Amino acid sequence: MKKLYISLIFLFLMAPAFATPVIYLNHIAFDSNSPKVGVVQFDNKLTKAFSFNLVNVNSGKVAYTGMLTQPETITDWAPGKLFFQANFSEFRAAGKYWLRIKYGGLVYTSYLFEIGENMVAKRTLSAIIHYYNKQRANTPGELAADAKMQLFGSDQKVDLRGGWCDASGDVSKYFSHLAYANYFSPQQTPLVTWSMVGASEAIPGLLNKWNLKDSLDNEAIYGADYMMRALSKDDYFYMIVFSYFNKDPSARRVVGLLANSVTTNQYQCAFREGGGMAIAALARISQWKKNGEFTSTQYLDGAKRAFAHLLINNTKYDDDGKENIIDDYCALMAATELWMATGEDQYRDEARKRAKNLNGRMTTAGYFISNDADRPYFHASDAGLPVVALSRCLDKEKDEAYRAPALKTIKQALDYNVAVTNKISNPFGYARQSFLFKGKVKDGFFIPHENETGWWWQGENARLGSLATAAVVGGRLVYPAEGNWGIKATLANYAERQLSWIMGCNPYSMSFIYGFGKNNVPYMASNYGHGSERGGISNGITGKDGCRDGSGIDFKREAKGDEWRWTEQWIPHAAWFLQAVAVMAQPAGVSN
């Protein structure tokens with residue numbers, strides 16, 4: 001008996017390895033007219049063509065059968081693994097489905113997902129609006145402290161009630177929080193407001209149908225009111241209300257921020273430090289002719305005052321005293337919205353100047369240059385914003401002498417985005433980018449951990465949403481087509497893969513939209529009763545912790561206090577996702 005037992009063990013050890021295949025798929029929804037792609041992982045080569053089925057959840061019947069593509073590898077992420085794409089883009093029938101495969105005599109099934117007209121927007125927008133409403137800095141303690149917020153290094157106090165807490169673990173309020181790094185300034189509170197206004201204008205019919213229009217508009221007006229309070233009597237915006245991660249709301253101050261939470265009195269916003277997008281949001285929402293705690297006339301007047309001030313003082317507020325690409329696209333957005341709101345030539349001329357600057361930053365390779373030398377533009381949050389800003393300007397610009405170079409720039413940028421992404425084996429379709437690392441331009445999936453900020457390399461879900469938005473709004477201008485959100489199939493596939501990554505089609509099978517799909521990130525609590533909320537989107541996946549060039553892949557639920565790098569919700573993530581799904585659901589002929 002003992003010999004037989006040993007023989008069985010030997011036979012088991014000598015048998016071919018059999019590993020369970022893994023299905024990676026968007027957990028939430030696909031639009032009927034969009035690309036639809038999943039990924040299946042095997043450890044062994046397949047000896048013949050391999051099929052997959054879509055099974056209708058309600059009937060239990062097979063609704064579609066397709067074939068897996070040829071195998072691909074991602075040596076940097078999963079050496080030895082083979083990945084096959086399951087493309088069912090042609091299938092459009094509304095319903096709830098599983099993707100199913102049979103392998104080794106067993107059946108493997110994906111998480112449930114839906115297909116339907118504008119289904120991604122329909123499933124997620126209500127939760128995103130809910131998320132922002134819960135992020136309001138409106139607890140009694142916050143309101144009392146913010147009504148008399150002290151300026152750093154001064155006894156002066158200002159009323160800065162309102163706004164949204166920046167992240168599930170940070171109750172500070174930011175226009176932008178990386179000003180000192182010059183090339184990484186993300187657009188935060190102003191971007192959220194502008195995105196809400198843009199989404200409301202893109203799909204008013206759908207929002208009314210789903211009873212969401214008033215809620216979204218009210219949230220946008222709430223954001224505009226905060227920006228008006230943040231507009232100083234000297235016509236600059238206060239950049240940051242910083243909590244110092246203190247549980248006492250009265251410990252907060254209006255500050256400028258350096259690395260390692262060092263605070264200063266340099267709290268005036270340049271164009272790139274939230275000022276440009278704040279001007280754009282106020283000018284745009286002023287055209288609604290709706291009043292919040294301020295009037296629509298005051299919104300427009302505030303935008304004009306702030307713009308005039310920055311035309312004179314912008315480089316004084318830029319930390320290195322020089323403008324770069326972020327000033328250009330934020331000032332372009334500001335000038336464009338003022339031009340649209342007023343029709344005045346001064347704003348037209350400024351918009352044209354900034355568009356020309358952006359056009360001049362485009363390289364023959366297809367990526368933008370950030371500075372006046374050779375640094376490629378790469379950004380963990382707003383990578384698509386240069387294209388979005390140029391596209392928005394073209395909603396107003398009708399002169400072909402100015403349209404043609406802008407369209408050329410948009411086309412080059414989108415072509416590059418798709419080309420660099422598909423340059424290597426990339427079964428998940430994750431957007432790759434070019435960046436400067438140790439003096440050399442390098443392509444990679446994730447931003448380098450060694451960069452000008454000294455510490456910021458969080459997950460890039462906002463970047464993915466911004467690139468998806470750019471692909472749609474820019475693609476409709478330079479690559480219009482039937483179906484696929486009105487853009488050509490390759491560009492639509494690129495956009496879809498970015499949102500599907502956020503919704504679960506990633507190597508961790510994790511839905512980063514809290515309350516949706518499976519494998520959500522752990523709940524994060526914060527001061528004043530704030531924390532993670534349904535509809536909030538977490539930072540997400542990064543390059544391998546410790547890899548300075550951003551290579552490898554990582555996601556950590558726990559990291560001795562540093563898990564926030566992956567798990568923390570952040571308001572720009574949801575803002576860009578909101579923008580992307582709104583423009584995807586946008587009817588033909590409606591500007592962005």
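Two strands pair if DSSP finds at least two bridges between them. Strands (E, at least two residues) and helices (H or I, at least four) are DSSP runs, numbered from the N terminus. This is a predicted model: local features need pLDDT of at least 70, side-chain atom pairs count only at pLDDT 80 or more, and totals for chains, interfaces and linings use all residues. Residues are numbered from 1 along each chain as its sequence is written, and side-chain values use heavy atoms, without hydrogens and water.

**View 1. An open sheet of three strands, in the order S1-S3-S6.** Pairing is antiparallel. Three bridges join S1 to strand S3 (residues 37-42). Val 22 has Gln 41 in S3 as its bridge partner. Strand S1 (22-24) and strand S6 (82-87) are the edges, each pairing on one side only.

**View 2. Leu 125 in the largest nonpolar core.** Such a core is a set of buried (under 20% relative accessible area, 1.4 Å probe, protein chains only) Ala, Val, Leu, Ile, Met, Phe, Trp, Tyr and Cys residues joined through side-chain atoms within 4.5 Å. Helix H9 (residues 325-342) gives the largest share, 12 residues. Contact means heavy atoms within 4.5 Å. Not counting residues up to four places away in sequence, Leu 125 touches Ile 203, Leu 207, Trp 210, Leu 212, Leu 578 and Val 581.

**View 3. A second, separate core of 22 residues.** Its members include Leu 82, Ile 101, Phe 113 and Ile 115.

Terms used. Buried < 20%, exposed > 50% of the residue type's maximum accessible area, 1.4 Å probe, protein only.
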